[in-house]
Amino acid sequence: MVTDRTAPIETAALSAEVEGLLSPAEPDGVYRDTRECGGGLLLLGLLLISPPAPRPKSGVR
Amino acid sequence: MAEQTQGAVPLSAVIADAATGVALALQGGGDPYALSRILRQGDPLAPAAVRVLGADALAPYALEHRAVPVGADDEAVVRQTLAAFPPGADASDVSAWSYRGLVEATHAYLPSHARPWPRPPETGAEWTAADPWPRLAHRVSQLAALALPGLAADLEEQLTSRTDDLARGFVRAVRRRDWLQAAGVGRWLARLPDVPPTLGLDAGLAFVRQMGGGDPRVALHVVAAQRFFGRGW
């Protein structure tokens with residue numbers, strides 16, 4: 001006699017999938033904030049291209 | 001994960017379609033809501049999708065201006081779900097609470113004239129006091145469907161004492177760009193009293209929808225927060 005053994009397996013697999021979807025693990029917190037990175041780069045660039053601070057002249061007229 | 005036969009729609013797609021249907025119904029668009037109408041007739045994955053959505057599958061029935069009585073098809077699919085996917089002995093707390101939320105929603109929004117609904121199962125809530133705030137926020141976000149009027153009153157009471165922790169979790173989730181978690185925690189915060197005004201919950205929920213609204217479940221949580229609790233833009 002042939003019995004269908006696939007149905008309970010599929011049901012169990014579906015139940016496992018449902019359980020996984022109900023309480024998935026939290027993804028790892030690796031992320032980059034492009035706005036912060038961009039802001040840091042802009043600040044560094046402005047510092048590099050800024051003119052030198054004025055210095056007192058040595059000669060007195 | 002269950003193997004999909006060739007050409008079959010994956011469960012995640014069925015859930016996404018159903019979530020979209022619920023969100024549209026909450027926004028008040030289209031025909032009167034019927035759960036059986038947003039699911040494909042005879043789809044073997046439909047009860048699984050209802051189990052994952054939990055009480056949200058019945059959320060539109062919580063609206064006061066419901067004009068059409070609940071149909072027998074809706075009752076049938078919910079009964080099928082409750083019978084097919086009860087939380088097992090080794091099920092997570094989230095699974096047990098989600099199941100309880102669906103049962104409570106049937107009692108509250110889906111009155112049965114023929115047969116009574118099953119009683120809500122007992123669920124432990126020790127984690128609401130014991131979990132550190134990041135874990136608490138993650139777990140609460142997975143129970144966002146319980147943030148509906150009249151459901152899980154005891155859970156609301158216990159989470160009220162940890163409002164500040166949930167506010168931290170909301171900010172953390174936004175910073176991590178975990179929009180589903182942010183939307184879920186934000187929806188619970190919308191239900192809780194005494195949310196710190198410095199959190200900017202309304203603007204935060206709008207931001208989450210803008211950034212993560214492509215995910216139907218994110219959109220559903222934000223719409224529910226707005227529709228039931230008046231938070232978010």
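In the predicted model, helix α1(B) contributes Ala16(B), Ala19(B), Thr20(B), Val22(B), Ala23(B), Leu26(B) and Gln27(B) to a contact with helix α12(B), where the facing residues are Pro216(B), Arg217(B), Ala219(B), Leu220(B), Val223(B), Ala224(B) and Arg227(B). Classified by side chain, this contact has 10 nonpolar, two polar and two charged residues. The two helices span residues 11-27 and residues 216-229 of chain B, and their axes come within 9 Å and cross at roughly 25°. Because angles under 35 degrees count as roughly parallel, α1(B) is described as roughly parallel to α12(B). The crossing of this pair is left-handed.

Ala152(B) has a positive phi, near 45°, and lies in the loop that links α7 (133-142) to α8 (153-160) of chain B. Ala152(B) has 24 other C-beta atoms within 10 Å and is therefore buried, the threshold for that class being 20 or more. Arg177(B) likewise is a non-glycine residue with a positive phi, in this case near 60°. Its position is in the loop between α9 (163-175) and α10 (179-191) of chain B. With 16 other C-beta atoms within 10 Å, Arg177(B) is partly exposed, since a residue is buried at 20 or more such atoms and exposed at 12 or fewer.

The secondary structure of chain A consists of two helices and zero strands. Of its 61 residues, 7% count as buried. Cys37(A) is located in helix α2 of chain A, which covers residues 34-49. Cys37(A) has 10 C-beta neighbours inside 10 Å and so counts as exposed, the limit for exposure being 12 or fewer. Cys37(A) and Arg55(A) are 18 residues apart along the chain, and a distance of 33 Å separates their C-alpha atoms.

The contact between the chains takes 14 residues from chain A and 17 residues from chain B. On the side of chain B that touches chain A, the elements giving two or more residues are α3 (46-53), α5 (93-109) and α7 of chain B. By class, the residues on this side of chain B comprise eight nonpolar, five polar and four charged.

How values were computed: Residues are numbered from 1 along each chain as its sequence is written. Chains are lettered from A and ligands numbered from 1 in the order in which they are written. This is a predicted model: local features need pLDDT of at least 70, side-chain atom pairs count only at pLDDT 80 or more; totals for chains, interfaces and linings use all residues. Helices (H or I, at least four residues) and strands (E, at least two) are DSSP runs, numbered from the N terminus. Two residues are in contact if their C-beta atoms, placed from the backbone, lie within 7 Å. Ala, Val, Leu, Ile, Met, Phe, Trp, Tyr, Cys and Pro count as nonpolar, Asp, Glu, Lys and Arg as charged, and the others, Gly among them, as polar. Axes are lines fitted to C-alpha atoms, for helices over the stretch in contact, and angles run from 0 to 180 degrees between N-to-C directions. Angles under 35 degrees count as roughly parallel, over 145 as roughly antiparallel, 65 to 115 as roughly perpendicular and the rest as oblique. A crossing is left-handed if the near helix is turned anticlockwise from the far one by less than a right angle, and right-handed if clockwise.
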